[in-house]
Structures are given as structure tokens and as C-alpha cells.
Amino acid sequence: MAMVTNWMSQTLPSLVGLNGTIISSEGTHERIVSGLYPGSEEGWQVYSTASDPDGRCVCTVVAPARNLCKRDPRSRQLRLLMEQVQNVSQSMEVVDLRTSRDLQYVRDSEPLLRGVDGRLHTYVSNPRALTTKGLQELKGQMSQLRPLLSVVEQYRLDLQTLATLRLELLNLSIMLSAIQEEIGAYDYEELQQRVLLLETRLHSCMNKLGCGRLTALSSPVTVRASGSRFGSWMTDAMIPSSDSRVWSMDGYYKGRRVLEYRTMGDFTKGQNFVQHLLPHPWAGTGHVVYNGSLYYNKHQSNILVQYHFRSRSVLLQRSLSGAGYNNTFPYSWGGSSDIDLMADETGLWAVYTSIPNAGNIMVSRLDPRSMEVLQSWDTGFPKRSAGEAFMICGTLYVTNSHLAGAKVHFAYHTNSSTYEYTDIPFHNQYSHISMMDYNPRERALYTWNNGHQVLYNVTLFHVIRSDG
């Protein structure tokens, strides 16, 4: 049995929905069957036919965006109800706070009130007891009690407010009862949990598909505009990992400041971040975060540094023997991009070159714990002719430029030590890419493009064989 899938990885949180295509076949023939991919705002949809010309059943399942239920009119009514309840709650809190404050004022004034009341009773029963001094004292006490008039007036207004709030609560109860009758037996919270569960299962299924060959890049998704023309940004590339942090490193020359954001949403808004000051400055933009550590090239050297974020310390330094540095063999855009560290589904990699290799790109697989070179390949592609490079499933993909009109032009497969020329165009929206790295967790390309942080989804082609 052979199973052929051609799918677009769309797993970016809060940016796009999850798509999954399942195509089964009988026999020995294989062909690409394209799925249907509606917009991310579409709901759950299933497209199916009895069979294709070769007799294979084709089924495409498209998961909705997480905000699907927001388009339900009942959901809108519930949101309005929630806003009204919040308004009523805030109004009641204001009244409660003011009442508590005024009640305390009345309690504090009670001895003075009793004193004035006693004097008045005395003067009424015995007018001759009223003296000039006593009258002055009474006037003084009455002056102290004058603020009670505004307190009493506020009480009167608060009674009107409470009556209005009572009517609003009554109306809210009626509206809620109507919505409850309309919804009937549907439990939207349960449905939402089922959607999330199915999305998780689709994501798990996508990961089980394993590695594939790059066939296309999506349109760019601009996440943020920040920093200078050159820089690097990333999330942890280790699989599996639940780490949602985002790191940003502005510039390529002698930088030491790394900003760590709690989530992608925080990075987008530029909030909730902490700063790491590296003990050694970096060179280039070829940094990678892998299993909680930052791997980067030390300035004016071919030394690789492993910096651990949690302990805020350098765990290891090791020279990448023979590797050029300090703009000896950079990418076409320069920027001390001699050594480019990256990660994919198979582990940690270094892309560089040396004089013995005549400036051709070398690919070395590294041990993340020791940063020792496990195996190396000479791709034969001149590094100065490359705009950027990234690894997917053990294959190095190289672009022919960092400027507008760039395309993925070359691929070197380390599993077979073979290469091929490719023609995979992509939209270089801001015309100057200084960093392009693949994240295997999210199956997306992270790029720094002329002061913009941009994502690309990738389309991978899979051929999965199984016995039986």
C-alpha cells in the first residue's frame, strides 16, 4: 500500500488555521493529489469524491480557525450580554464603594449628631439655658455636620441608580433565557473543546507525516516591524517542546542584547519581555535557539557559543575548525554572515565554508551537548552566491539572492549526498532578507526582512509507504 500526501503546513498560532489532507490509494502507482484549501475563516469542511481516475478515495478535511464561533450571532449576543453584565458589575462596585465610604463618615459623625440632638432638646425644653457661648458652639457643630447634606443627597441618587440597575438585570435575565431556549441542546463550550482536540490530533498527524521535500513557500505574513535593517528572531526549534517564548537579536555586529518575549502575542505587541546581556558579542544573524539554549557565533572568531537562558550563563564554547569568519565567506549581503547555525527535524547544523573548500558551502551536523562536528558535507555551491540558506529534514535549501526576485535555487540532500537545482519563488516583500531560518516545530520559515519580522508557511511533499 502507498499513501501519497501533498499538504501545506499551516500551524502558526493565532495567524492561520490547521489544514490536513489524507489521500489513500491501492496499487503501486503514485501521483500527487492536491487538496482544497479554503481561507482560514472557513468552518469545518469535508470534500470527498467516490474515487479518482486511478480508483483511489480522496478525502480532504479542513479545520477552522480558532475564532470560528465568533461569527455565530448567538456568540455576539452573549458577548454583548457579558459587556452589559460587566457594566452593571462596575456600577454596583462604584455604588458599594461610595456607600461604604459614606456609611463610615456617618458613623464617625454619630457622636457629634447625638451631641447636637441633646443640646437642641435641652434648649427646646429650657430656652433660658441657651447662652451666647452655647449658641456659638451649636453653630460650630452644625457647620461640621453640613457635609452630611451632600451624603444624604448622594444616597438619594444611589437609590435611583440601584433601581435602574435592577431593571437592567431583569432585562439581562430575559435575554439570557431567550438565548438559552434558542441554543437548546447545543453545548458550545463542549463543541469548542472538541474543535481544539481535533486541531491537536491534526497537528499530531502532521508531525507523524515526517519529513518531505520543499515544493512551495506561502505568501509572507508580517508579524512585526521593529529593529534595524539586519537582525534575527526565533522560537525554540527543539521537538518536542511547549516553550512559547520568542527571542529577538537586533543587528549583526558586536551585539550582546537579547530580548526574550513570553509569547508570540507579546512579541507582536512589544510587551512582557526580559533582557539577556550576553557575556560575548555575536557576529552575523545565524543564531538558533535549541532546547532552551542560544547557539551563536562569537564576534571576530569561528568560535561557537552555547548560552543557557534559564541559568543566564555560557555552558560551552568550541571552535568550528577551519571555518571562515569576519566577512571572509559571508552570504551575498555580507554582515559577518560567515557561520550560520540552524536546526531542523534531525538536529543542530552549522553552515559555513573554509579556504580548503574554495568558498563552497559546507554543512556540518553538530552534537548539541558538545558542539562537536558529527559529519560534514561539501555542497559545491559558492557561499558568496547565496542570499540565505535553511535546513528542512536534512536538506539544505539555498536562495540565489537576498533582494527582490529571490527564489530557492539549490538543494543539497545530506541523506544521499546529492544536490539539485530548484525553482521555488517567494515574495521578498521588503527587498532585503538578512536572516532566514526554518522552525521544525511550527513548520515555518522565520525571516528578518529590512526591519520586519516575517513568516512563511512551507509546502512539503510526502511519500509514505507502509506494508500490508
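This is a predicted model: local features need pLDDT of at least 70, side-chain atom pairs count only at pLDDT 80 or more; totals for chains, interfaces and linings use all residues.
Residues are numbered from 1 along each chain as its sequence is written, and side-chain values use heavy atoms, with hydrogens and water left out.

**The sheet.** I looked up the strands around that pair. Strand S16 (residues 347–352) and strand S17 (residues 360–366) run antiparallel and are joined by five bridges. Strands here are DSSP runs of E with at least two residues, helices runs of H or I with at least four, numbered from the N terminus; two strands pair if DSSP finds at least two bridges between them. The open sheet has four strands, ordered S15-S16-S17-S18, with antiparallel pairing. Strand S15 (340–344) and strand S18 (373–382) each have a single partner strand, so one side of each lacks a neighbour in the sheet.

**A helix residue.** Next I visited Leu-170, which lies in helix H3 (residues 147–183). I found Leu-170 partly exposed, at a relative accessible area of 49% (buried is under 20%, exposed over 50%, partly exposed in between, with a 1.4 Å probe and protein chains only).

**Two loops.** Which phi does Asn-272 have? I noted a positive one of about 55°, although Asn-272 is not a glycine. Asn-272 sits in the loop between helix H5 (264–269) and strand S10 (273–283). Ser-417, not a glycine either, has a positive phi of about 55°, and lies in the loop between strand S21 (407–413) and strand S22 (418–425). Ser-417 is partly exposed, at 44% relative accessibility.
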